Amino acid sequence: MTVITSTSKPVLDGVRSVFLAGPFMGLVNPETNSMPSAEQLPFLTLIEHFEKQGLEVYNAHRREAWGAQVLAPEQCTPLDQLEIRKADVFVAIPGIPPSPGTHVEIGWASAFDKPVVLLLEAGREEEYGFLVRGLGSVATVEFVHYTDVGRATPQIDAAIRRVVDRVNNPAGTP
């Protein structure tokens, strides 16, 4: 048995799992049945980062082998919804252009009252839809503006801590 240990500080006590969402099917190359490596990198970086902290990561990209083992809509839709329900926190890259599937998942996460962290490309905030930019008015959301996901992991961790704390302590209750 392999035991993975980490010297990283956990994102937050009580957070055991994260659902990581982002553009997928629109990025799969039909000739190779795979997302290009450059498109996989932000997700691989975040998956590794979260798993090093002992978190379970739900992610359709990895589950479906980056496009090589795509599930039928009737399979992936209820599975994604179930995993979002099970996750302690929802983290997403909404996509530019917008990813329809990711936007549905963002809607589910907010409807399920999940803590939500949205990763927006710095300098391109105006390209995100009004409903994404305004989600914080109806859901518990933190936005992280990034240029490089790998370098933004401290900000992502801090955003997770803040959003989970707001869900666990609404209106500053002790």
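A nonpolar core here is a set of buried Ala, Val, Leu, Ile, Met, Phe, Trp, Tyr and Cys residues joined through side-chain atoms within 4.5 Å, where buried means under 20% relative accessible area (1.4 Å probe, protein chains only). This is a predicted model, in which local features need pLDDT of at least 70 and side-chain atom pairs count only at pLDDT 80 or more, while totals for chains, interfaces and linings use all residues. Residues are numbered from 1 along each chain as its sequence is written, and side-chain values use heavy atoms, leaving out hydrogens and water.

**Nonpolar cores**
- The largest core has 28 residues, of which Phe50, Val91, Val117, Leu119, Ile156 and Ile160 touch the most other members.
- At least two residues of this core come from each of S1 (17–21), H1 (37–52), S3 (89–92), S4 (116–121), S5 (141–146) and H6 (153–168); helices (H or I, at least four residues) and strands (E, at least two) are DSSP runs numbered from the N terminus.
- H6 gives the most to this core, with five residues.
- A second, separate core holds 18 residues, including Ile84, Ala87, Leu120 and Tyr128.

**Helices H3 and H4**
- The axes (lines fitted to C-alpha atoms over the stretch in contact) of H3 (residues 73–86) and H4 (residues 100–111) come within 10 Å and cross at roughly 40°.
- Thr77, Asp80, Gln81 and Ile84 in H3 meet Glu105, Trp108 and Ala109 in H4, with contact meaning heavy atoms within 4.5 Å.

**Ser99**
- Ser99 sits in the loop between S3 and H4 and is buried, at a relative accessible area of 10%.
- Beyond its neighbours within four places in sequence, Ser99 is in contact with Gly22, Pro23 and Pro94.

Notes. Axes fitted to C-alpha atoms, helices over the stretch in contact; angles between N-to-C directions. Buried < 20%, exposed > 50% of the residue type's maximum accessible area, 1.4 Å probe, protein only.
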